[in-house]
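Please examine the sequence and the three-dimensional structure displayed below.

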Amino acid sequence: MVRARRDELRAHIVEGRFEGVRRQHSLGKLTARERIELLLDADSFTEIELYRRHQASGLGLAENRPYTDGVIAGSGTIDGRRVFVYAQDFTVFGGSLGEAHAAKIQKVMDLAISTGSPVIGLNDSGGARIQEGVLSLNGYGGIFRRQVEASGVVPQISVVLGPCAGGAAYSPALADFTFMVRDTARMYLTGPDVVEAVSGHRVSHEELGGADVHGTYSGVATVVHDDEESCLEDVRYLISLLPGNYLDPAPDAGARGAHRDRRPRLAEIVPVEPNRPYDMREVFAELADDGEFFELHEGWARNVLCALARVDGAVVGLVGNQPMVFAGVLDGPASQKAARFVRFCDAFGIPLVTLVDVPGFLPGVEQERSGIIRQGAQLLHAYCEATVPRIQVILRKAYGGAYIVMDSRSIGCDLSLAWPTNQIAVMGAEGAVNVLFRRDLAAAKDPDALRGKLVAEYTEEFMNAQYAAERGLVDDIIDPADTRAALARGLAMVRDKRKAAPSRKHGNLPI
């Protein structure tokens, strides 16, 4: 009898309220349990605190005490690897966070940290449970503190599948990766009503904090999807590329013979002419095993690319300038995007490969006023403090401070390779000639002819492929077709690199 009663109660809790489930589906959203089922391996989920209920009594809460308190929490596996997960249940109190709800999330995070396992949060919540007052805010604070403690210890993935408003928005912002689904996900600190009341500007939920807003403008969303199914499948794929924690290596797929692999198409992808654009994604595909890579922040700061991939079975972080957008120059957002990715890879022992084709930093009054110096310094700081294996490959242009910042030998890369088309210089030849020979050009009868002659001479003397190599700033000039093989050999050479960080509490990142 007791067992039957327990089984009946458990089944009732798992099934959920019919009206709540129906409404959730009518909104185009899956339930919390359906999401967990899609995310984890079949029959691998172990739930904790299924019977947890809030203990609040004010404002009618004493008569409404549903089990789970609006969040499903526990652990399971993805491709056999342990993860911890919580999924907010919008069918219970609108997924709002109260004291018991927060305690369950905090317990999952504590277990993830102590076992060295990734933690995944599925967010679908109306925010703080107003009826519980300051206890809700205290609950958020406990979650945020644990996220900071877990930072660099275990990977943290946040998936926004519904509303995520107010203080709750800081949780995805603190995560290593944030996924959002179009049309259903929304994330903002203050909603449309508050915005209208304060500014008089009427804006929709989607315009204010939709997936495309954060995927394109704010950079908070790492990946944006059209539906929950593909989103959760992508989370599974990301997990396959990540270590369980900072002490474990990323999963190795086994050697693929890349050290003998020639890719002649690379020379066709990248034009010899320094000003002709091409898609750096095509270069990534030629270097990665099976042409597969996981791009991060695809819609934000598109002039730089960041991706996780495998080279000869081993996971690496790829950073590359994108000549298709602003000619691949570095600006503030691009510097911040790359800096965060570099720091993540360094925290979790993932080697870095930096593909350089950069004409410099973006000039302009707006850039200077928005803090491009400080933002560029973030990328510089990130590379300088990184102790993982680092390989730089210069494809074409590498000018000025942007050359230094893109993991040059001077800031600590372990191996610098260059194509025969490389041009490493303070600036482009024409710009240098205009500065150095300004008076001569002004006095010349035929300034265009003189400029052409001087540009050719400057290029020959200072921008030839051998110049940096002869001075020890480039280790080897390689055939573009051999780039994948050279990377595989280079990564194998520095795989066991050990470099301790200086003894200090922490550096002061220029944020």
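The following paragraphs treat helices, salt bridges and some single residues in turn. The model is predicted.

The account begins with helix α5, which covers residues 134-150 and so has 17 residues by the run that defines it. From its first C-alpha to its last, α5 reaches 24 Å, close to the 24 Å expected at 1.5 Å a residue. The buried residues of α5 are S136, G139, Y140, G142, I143, F144, R146, Q147 and A150. What lies over these buried residues? The cover includes the helices α4 (99-115) and α6 (170-174) together with the strands β4 (119-125) and β5 (156-165). After α5 comes G152, whose phi is positive, near 80 degrees.

One member of that cover, α4, deserves a separate look. How are α4 and α5 oriented relative to each other? Their axes come within 9 Å and cross at roughly 10 degrees. Angles under 35 degrees count as roughly parallel, and α4 and α5 are therefore roughly parallel to each other. On the α4 side, the residues that meet α5 are E99, A102, I105, Q106, M109, D110 and I113. Their counterparts in α5 are L135, G139, G142, I143, R146, Q147 and A150. Several of these also belong to the buried set of α5, among them G139, G142 and I143.

Helix α13 (residues 332-347) has 16 residues and spans 23 Å between its first and last C-alpha, close to the 22 Å expected at 1.5 Å a residue. At its start, a side-chain oxygen of D331 reaches to within 3.0 Å of the backbone nitrogen of A334. A334 is itself one of the buried residues of α13, which also include G332, S335, K337, F341, F344 and D346. Just after α13, G349 takes a positive phi of about 70 degrees.

The next topic is charge. Side chains of opposite charge can pair when their charged atoms come close. How many salt bridges does a search of the whole structure find? The search finds 37. One of them joins D41 to R236, with the closest N and O atoms 3.2 Å apart. This pair links distant parts of the chain, 195 residues apart: D41 is in the loop between α3 (32-39) and β1 (46-48), whereas R236 is in helix α10 (residues 228-239). Both D41 and R236 are buried.

Another salt bridge connects D290 with R256, and here the closest N and O atoms are 2.7 Å apart. D290 is in the loop between α12 (280-287) and β9 (293-296), and R256 is in the loop between α10 and α11 (265-269), 34 residues apart. Is D290 buried or exposed? D290 counts as exposed because its relative accessibility is 55% and the exposed class begins over 50%. R256, with a relative accessible area of 42%, is partly exposed.

A further pair is D414 and K497, whose closest N and O atoms are 2.9 Å apart. D414 is in the loop between α16 (400-405) and β14 (415-418), while K497 is in the segment after α21 (483-494), 83 residues apart. With a relative accessible area of 27%, D414 is partly exposed; K497 is buried, at 18%. Salt bridges may also be joined to one another: D261, R263, R265, E282, E286, D289 and R484 are linked in a network.

Two threonines complete the tour. T178 is in strand β6 (residues 177-181) and counts as buried, at 1% relative accessibility. The side chain of T178 reaches the backbone oxygen of P172 at 2.7 Å. Leaving aside residues up to four places away in sequence, T178 touches S158, V160, P172, V220, A221, T222 and V223.

T483 is found in helix α21 and counts as buried at 1% relative accessibility. A polar atom of its side chain lies 2.7 Å from the backbone oxygen of P480. Which residues does T483 touch, not counting those up to four places away in sequence? They are L266, L287, V393, W419 and I478.

Methods. Residues numbered from 1 in each chain as written. Heavy atoms only, no water. Helix = DSSP H or I, 4+ residues; strand = E, 2+ residues; numbered from the N terminus. Expected span 1.5 Å × (residues − 1). Buried < 20%, exposed > 50% of the residue type's maximum accessible area, 1.4 Å probe, protein only. Contact = heavy atoms within 4.5 Å. Salt bridge = Lys/Arg side-chain N within 4 Å of Asp/Glu carboxyl O. Polar contact = N/O pair within 3.5 Å; in protein donor to acceptor, adjacent residues only side chain to side chain. Axes fitted to C-alpha atoms, helices over the stretch in contact; angles between N-to-C directions. Parallel < 35°, antiparallel > 145°, perpendicular 65-115°, else oblique.
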